[in-house]
Amino acid sequence: MTDYRIKHPVENQAAAPKVQRLNARLENERKYGQILPRVAPKSWVLRWLLSWNPFGNPSQWDDMVIGVLDPPSRSVWIYDEEQQMTLWRKGFFGKGNLSRSEPTWLKREINRLQVEKRGGKELTAEEITAKRREIRKQFKQERANAIAAAEAEAELSFAANPESNPTITTVIPSAQTAGLQKKLQETIGAHESSLLPELTEDEIPRNMEHLQLSLQEALFLAWVVGCLDLRSASGGPITLQAFWAQCFEVSSPFLPKRIDNPFLVHYVAYHHFRSLGWVVKSGIKFCVDFLLYKRGPVFHHAEFAVMIVPVYEDEADCASSPNPLPNSGPISWQWFTTVNRANAQVMKTLVLAHVIIPPSRDIEPSLYDSPEILSKFKVKEVLIRRFVASRMRD
């Protein structure tokens, strides 16, 4: 595979950080540039036709991914490490059950063992975060002291000569001039000063991590992309129709299939945004249902936070629902403002995704047995922005 990273020496040392950032972006493009897995078509005719164009090169097709349904956790587990990387790097599907996002437990564990073998100590992610906060706290204190000193200096200068502009020599530091990132790297970079020793084959631990897919992600991969081979815990195959039925069952156990099944309503919104090209991830951290990324978490932060608002066309369906859906009733302004402000503080725009639930009387019973029922739903988005008079005057 071609390596596009810049390898020539940088004469201007000031430009070195820019070159490093460019190389990092190129590396991310190489690893995560493909938006979805490519699966070879089952028809030999289509495979032959695709072989005549560069996108149909068989070496670029991905193998089927085997996923095991775990009903108690309402998720599908991927155990093979290579298949985990296929789904994460080509669409950012799922998350590692022992990691924050990308399954990196084995890599972190090997690094930890290498550091211990060398006789050093590796900082954990939590310790790095604590160091970063300590550095920022110190910077804020220094900045507050500098501002107070500048104000006192201005008052003395004005008192000495009221007719001229006050002279201030105190320098107020900023985040750029303080070099916060450099200080952090110096703090955590001590353990990287020497090469880490290699581990023997017996010392390398067994990978204990699996990739965990939500039911919505698993259905999208199995039905739309066609790259997920579903299995039961015993290893038996699960057909798409059987998986569809189990999604209904684990979402609302002991209840008949309804048009307002929570899994169905959430999948409608997930499918809607995924089909429009967005990378959709869980938004529980920010009190919403989904987060929308333009390309993925490694490229940019999520720009939009999606909150699903079910809307019944027939109020009788809402009244007869055994488990009312969240946000299907009146929403208090206090709660709504809290969610909006929480997302505005992290530079995310709140989107209300109104999922229009069709009347159950218009749905044939056979439609509940297949994804064809999705065509009966509609999704309308309403974008909410917090108004700040001092910032939005222009």
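Leu-215, Gln-216, Glu-217, Leu-219, Phe-220, Trp-223 and Val-224 of helix α8 meet Phe-263, His-266, Tyr-267, Tyr-270, His-271, Arg-274 and Ser-275 of helix α10. Contact here means heavy atoms within 4.5 Å. By class, this α8–α10 contact holds 8 nonpolar, 4 polar and 2 charged residues. Ala, Val, Leu, Ile, Met, Phe, Trp, Tyr, Cys and Pro count as nonpolar, Asp, Glu, Lys and Arg as charged, and the others, Gly among them, as polar.

**Basis of the model**

The model is predicted: local features need pLDDT of at least 70, side-chain atom pairs count only at pLDDT 80 or more, and totals for chains, interfaces and linings use all residues. Residues are numbered from 1 along each chain as its sequence is written, and side-chain values use heavy atoms, with hydrogens and water left out.

**The chain overall**

The protein chain has 12 helices and 10 strands. Both are DSSP runs, numbered from the N terminus: helices are H or I with at least four residues, strands are E with at least two. Of the 394 residues in the protein chain, 36% are buried. Buried means under 20% relative accessible area, exposed means over 50%, and partly exposed lies in between (1.4 Å probe, protein chains only). Take the contacts in the protein chain between residues at least 6 apart in sequence: 64% of them join residues at least 24 apart.

| Helix pair | Axis separation | Angle |
|---|---|---|
| α8 (215–225) and α10 (262–275) | 10 Å apart | about 60° |
| α8 and α9 (240–251) | within 11 Å | roughly 165° |
| α9 and α10 | within 8 Å | roughly 120° |

Axes are lines fitted to C-alpha atoms, for helices over the stretch in contact, and angles run from 0 to 180 degrees between N-to-C directions. Angles under 35 degrees count as roughly parallel, over 145 as roughly antiparallel, 65 to 115 as roughly perpendicular, and the rest as oblique.

At about 60°, α8 and α10 are therefore oblique to each other. Their crossing is right-handed. A crossing is right-handed if the near helix is turned clockwise from the far one by less than a right angle, and left-handed if anticlockwise.

How do α8 and α9 run relative to each other, roughly parallel or roughly antiparallel? They are roughly antiparallel. Here the crossing is left-handed. Leu-215, Ala-218, Leu-219, Ala-222 and Trp-223 of α8 contact Leu-240, Phe-243, Trp-244, Cys-247 and Val-250 of α9. This contact of α8 with α9 divides into 10 nonpolar, no polar and no charged residues.

The axes of α9 and α10 come within 8 Å. Trp-244, Cys-247, Phe-248 and Ser-251 of α9 touch Pro-262, Phe-263 and Leu-264 of α10. The contact of α9 with α10 has 6 nonpolar residues, 1 polar and no charged.

Helix α8 is mostly covered, with 9 of its 11 residues buried. Among the buried residues of α8 are Leu-215, Ala-218, Leu-219 and Ala-222, and these four also take part in the contact with α9. Gln-216, Glu-217 and Phe-220 are buried too, and they belong to the contact with α10. An α-helix has 3.6 residues a turn, so residues three or four places apart point the same way. Just after α8, Gly-226 takes a positive phi of about 75°.

**Cysteines**

How many disulfides are there in the whole structure? A search finds 0, where a disulfide is a pair of cysteine sulfur atoms within 2.5 Å. Cys-247 counts as buried because its relative accessibility is 1%. Cys-318, at 28%, counts as partly exposed.

**Three further residues**

Glu-102 lies in the loop between β3 (95–96) and α4 (105–118). This residue is at 16% relative accessibility, so it counts as buried. Beyond its neighbours within four places in sequence, Glu-102 contacts Tyr-32, Met-85, Trp-88 and Arg-89. Glu-102 and Leu-211 are 109 residues apart in sequence, yet 8.5 Å apart in space, C-alpha to C-alpha.

Ser-157 sits in helix α5 (residues 125–160). Is Ser-157 buried or exposed? It is buried, with a relative accessible area of 18%. Leaving out residues up to four places away in sequence, Ser-157 touches Asn-165, Pro-166 and Thr-167.

Gln-181 is in helix α7 (residues 180–188). With a relative accessible area of 51%, Gln-181 is exposed. Gln-181 and Arg-136 are 45 residues apart in sequence and 9.8 Å apart in space, C-alpha to C-alpha.
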